[in-house]
Amino acid sequence: MGNTLNLKNQIAEIVKNAVATAVDDGAIPPEIRGVDVKIEYPRDQKFGDYATPFALESARVMKRSPMEIGSILAPYMGGDSRIDTVEVVKPGFINMFISRKFLFDTMKEIIRQGQDFGKVKKEEPKRINIEFVSANPTGPLNIVNARAAAVGDTIANLLEFTGDIVDREFYVNDHGNQVDLLGLSVRERMRELRGEQSEFPEDGYHGEYVRDIARHILEECGDETEGIEDGAGLVEYLASKAVEYNVDGQRRDLEAFNVRFANWFREKTLHDAGRVGGTLDALRSRGVVYSDEGKEFFRSTGFGDDKDRVLVRDDGRPTYFLADIAYHHDKIMRGYDHLIDIWGPDHHGHITRMEGAMDALGFGKILTILVAQQVNLLLEGETVKMSKRLGQFSTMRDLIEEIGVDVARYFFVMRSLESHLDFDLALAKKESSENPVFYLQYAHARICSLFREGNTRNVPYDPASAIESHLCHEASVLLMKHLARFPEEILDAAEKCEPHRVTSYLMKVAQAFHRFYSEHRILTDDIERTVTYLALSDAVRIVMANGLGILGVTAPERM
């Protein structure tokens, strides 16, 4: 199980081998070996399945026209059994069409490999830490958190599917002013519940959930709170209990969303263990820290930032930025080869300085930061306002209960993470082909139904007895082409951290299958044709199930 079935990579090897052979034959000069081989998808299928601009890009080196270079190389490529025909078109693209035999053989290989089809086994897998959601422990998870959860978990699935070792991590910001404010808010709600006079902090947390926390603490730890006479000590105690309550709720909500974290890392542990100070010392030793007006600054302008950033305030307290550097430093010290963060839309400005800090510490480009853009939840055409402090928001839990895990996860990943997402609840609730999740799941369920009916009719299904000549029409060839691309589509999505590519790909497969199904009756009295069509349907079922599995969406057998 490796990367051997990645067709795009195979085409690149065919082109490289053609170039090498042409050089050995003296047909082209050896300098051409230094030109990169790029493989692209033509805009229109009539121009081939794959194309290379190699002739265009080597023309200057060879001092020949791209068309001439293409005409020299084309016969060398056309000699490979995986290629049906090669065309050289102006201004010098070399277009390649995949052979039907190769597609047919790939279809049978999909059936043989089953749930392992498309998986990559690496001899030296990377250890990757992906941190996402990491919502403040001051309330329930909201819709933007849900988007980060769906995307982060799907990226982790993609990276695991393509051979790396991945740990999902949630960073709990349980240190600082926001936590103190939560403690104060809970204390005042507790006083209200006891019928005492309360003075709610103006910038406290007003949501109804704070009253729930206060009620919970009174019921579970009321006697303990009575015994704490020190006001600051009581606020600290209540804050820690409130954080635990909220983090437990966040964990339950995420698990209901099929997202499970290997690590729940507490910011407080960094401060308690002296790692924040240790990271400051490490930065000082690299000569990237200076003092000014009682503060200590990181020279982030040396790493592309628009101004230098404060690490230590004039009262000696570390900034959130320094704690964040220490946290990433800690992740690297735990032995990860690469770090991926998914941040919210309001953190875009922090990217350059954080990447710069990792560079300053000597770790180079170890960090990839993705930004999950805003989600607009549309209810009957109206946008729902979301604000934790004012208590006006739609929670992730509400959404899951409203539309279910499958639809929610799919809708969150079907657009690029960098795009604003209008989440249409009316569409999400539809159980028809208009709903893309329903459309994909229906393709899988329809195939399962075919096999149940085939068993009822005692069809002797054996994919080994499928016959290539029965799959010569346009609908089946197109379907086989889509299926053959699964490994490269998944690898591209993993390498670019773009899970929406998987949803686009699966939609093409489902559309191609529904077309094939509508044009060709699958279960007939012609056993050879029936078995062949069932084999093609079986390959579709496997690819759909594998792809939906990566998205964290179920592949139902009945609908």
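How many Å apart are the mean positions of the 68 positive and 90 negative charges of the protein? They lie 4 Å apart, where Lys and Arg count as positive and Asp and Glu as negative, with His and the chain ends not counted. Each charge is placed at NZ of Lys, CZ of Arg, CG of Asp or CD of Glu.

This is a predicted model, in which local features need pLDDT of at least 70 and side-chain atom pairs count only at pLDDT 80 or more, while totals for chains, interfaces and linings use all residues. Residues are numbered from 1 along each chain as its sequence is written, and side-chain values use heavy atoms, leaving out hydrogens and water.

**View 1. The largest nonpolar core has 148 residues.** A nonpolar core is a set of buried Ala, Val, Leu, Ile, Met, Phe, Trp, Tyr and Cys residues joined through side-chain atoms within 4.5 Å; buried means under 20% relative accessible area (1.4 Å probe, protein chains only). Val133, Val186, Leu254, Phe257, Phe412 and Phe423 touch the most other members. Helix 20 (residues 527–551) supplies the largest share, 13 residues; helices are DSSP runs of H or I with at least four residues, numbered from the N terminus.

View 2. The surroundings of Phe423 are shown by its contacts. Contact means heavy atoms within 4.5 Å. A second, separate core has 31 residues. Among its members are Leu283, Ala326, Tyr336 and Leu367. Of the 559 residues of the protein, 53% count as buried.

Conventions
Buried means under 20% relative accessible area, exposed over 50%, partly exposed in between (1.4 Å probe, protein chains only). Helices (H or I, at least four residues) and strands (E, at least two) are DSSP runs, numbered from the N terminus. Lists of a residue's contacts leave out its neighbours within four places in sequence.
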